[in-house]
Amino acid sequence: MTFTRFALSGALAALIAVPAVAEDWRGWNIHPEGYPNTVALESFAKDVAEKTDGRIEPTVYNNATLGDQPDAIEQVRNGGLDFANFNMGPMGEIVPATNVLSLPFIFRDVEQMHTVMDGEIGQRFSDALSEAGLVALSWFDSGSRSFYNTKHPIKTPADMDGLKFRVMSNELYVNMVDDLGGNATPMAYGEVYQSLKTGVIDGAENNYPSFESSNHYEVAKYYSITNHLIIPECICVSTATWDATSEEDKAIVTQAAVDAAVLQRELWAKREMESRAKVEAAGVEINEVEDPKAFQDAMAPVYAGFLEANPDLEPLVKDIQATE
Ligand code: GTR
C-alpha cells in the first residue's frame, strides 16, 4: 500500500505535534574562550536561542577555526556562515567606506568612537555594510592599537626603521607602516605568533587584550604606546540569513546583539587593565612615545592619499572629526 506524502504527514500530524525545524546559525569568532568578545558572543547565542524558543540555534566557533578574517567576511557575505564578530580593519578591502575607520588617529579616544558608532554616523557604516551583504547589529569595543616588537622600544618614528611589522590585511596599513619608516607584511592573525618567534617578522600592532591572549607578549617584549588605531568591531549577520528570518525573530536577534555589545564593552574595560598587568608581570617593557604628534605627522600622508583616492568619503571623515 502506498501513502501519498500528504496522507502520511496528515496522519503523523494527527498523532504528534511536530516541532518546527530549528535554524542552526554558524558564527565565526577569531578569539579564544574567555576573551570579552567570545563571552559576549556566547551570551548573544544563548539569548537568541532562549528568546526565539529554539527557532534559531546559534553556535559560535572560536579561534578562527572556520577560516581567517578576510575569508570569513566572504563566507558571511555569501551566506556560507550566518554571523560573526568582525573588526572593521580587514573590512575596508571589501566595503571602502569602512576604511575611514582605519585612518590613523581618526578618533580622539574610545568614548568618541562609541558616540560616533552608536549614532547617525554609525548608521551610515551599517548602510554601507548592508549593501555588501552584511547586517551590522551592534558595535564592540576594540580599544586602541599600539606597536610591539622583539628588538627595542619605539620612542620616535625613527625607531621603526628597518623593522618588519605584521599588519592586518588592508593596503592602508601597509602605507601607514611605510610612512613611519618600517616594513609591513599583511598576515593572518593566527600566523603572527610563530612568525615573531622565528624572526620572519620583528613586530606587530594590537590592543592589550589581543597582545596578551595571542601570547605574542611571550616573544615581543617591547610594547610602545602609539595608540594609532581605534577600530570598532561589529556583530554582523549575513543578509541571506537575515532575509530568511521572521520580523519577530529579527527584533529578538537585534536586541540580543545590542545587549551583547553592552556586556562586551564592560568586559573590555576590565580586560584591558588585566591584560596590561599580565604582560608587564611577564617582563614586557611598556613605554610612552616621546612625541605622539611626531607619529601623527608621519602618518598624515595616509590621510592625504586616502582622501585623494576617495573624495566622496571626505564628508564622513569631517563629520567624525566634528563629533564631540
Ligand atoms: C584583534 C581583533 C581581531 C583581529 C586581530 C588582528 O584586535 O579583535 O578581529 O582583527 O586584532 O590583528 O588580526
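1. C236 is buried, at a relative accessibility of 0%; buried here denotes under 20% relative accessible area, exposed over 50%, and partly exposed in between, with a 1.4 Å probe and protein chains only. C234 also has 0% relative accessibility and counts as buried. The sulfur atoms of C234 and C236 lie 2.3 Å apart and form a disulfide, the term being applied to a pair of cysteine sulfur atoms within 2.5 Å. One disulfide is found in a search of the whole structure. The torsion about the S-S bond of C234 and C236 is about -120 degrees, so the disulfide is left-handed.

2. On the basis of the note: this is a predicted model, in which local features need pLDDT of at least 70 and side-chain atom pairs count only at pLDDT 80 or more, while totals for chains, interfaces and linings use all residues. Residues are numbered from 1 along each chain as its sequence is written, and side-chain values use heavy atoms, with hydrogens and water left out.

3. Strand β10 comprises residues 233-238 and pairs with β3 in the antiparallel sense over five bridges. Helices (H or I, at least four residues) and strands (E, at least two) are DSSP runs numbered from the N terminus, and two strands pair if DSSP finds at least two bridges between them. Within this pairing, E233 of β10 stands opposite N87. Strand β1 (residues 23-28) is joined to β3 by two bridges, and these two strands run parallel. There, G27 has F83 of β3 as its bridge partner.

4. Which residues point each way from β3? F83, N85 and N87 point one way, A84 and F86 point the other way, and all are buried.

5. The largest pocket holds about 480 Å³ of space. A pocket is defined on a 1 Å grid over the protein atoms alone, as an open set of points where a 1.4 Å probe fits, with protein on both sides within 12 Å along at least five of seven lines; lining residues have an atom within 4 Å of a point. Grid points are joined across faces, edges and corners, and the volume is the space filled by probe spheres set on the points. The lining has 30 residues, and I30, R166, A188, Y189 and G190 are those nearest the centre of the pocket.

6. By residue class, the lining of the largest pocket divides into 11 nonpolar, 15 polar and four charged residues. In this division Ala, Val, Leu, Ile, Met, Phe, Trp, Tyr, Cys and Pro are nonpolar, Asp, Glu, Lys and Arg are charged, and the others, Gly among them, are polar. At least two lining residues come from each of α3 (69-77), β3 (83-87), α8 (192-198) and α9 (208-213). β3 gives the most, with three residues.

7. Strand β5 (residues 145-149) is mostly covered, five of its five residues being buried. R145, F147 and N149 lie on one side of β5 and S146 and Y148 on the other, all of them buried. β5 runs antiparallel to strand β9 (residues 222-229), to which four bridges join it. Four bridges also join β5 to strand β8 (residues 203-206), again in an antiparallel arrangement. Y148 stands opposite Y223 in β9 and opposite A204 in β8.

8. Most residues other than glycine have a negative phi. N227, in strand β9, has a positive phi near 45 degrees although it is a residue other than glycine. N227 is partly exposed, with a relative accessible area of 36%. D53, likewise not a glycine, has a positive phi of about 50 degrees. D53 lies in the loop between α2 (36-51) and β2 (56-61) and is exposed, at 65% relative accessible area.

9. M273 belongs to helix α11 (residues 247-281). Its relative accessibility is 60%, so M273 counts as exposed. The C-alpha atoms of M273 and Y189 are separated by 22 Å, the two residues being 84 residues apart along the chain.
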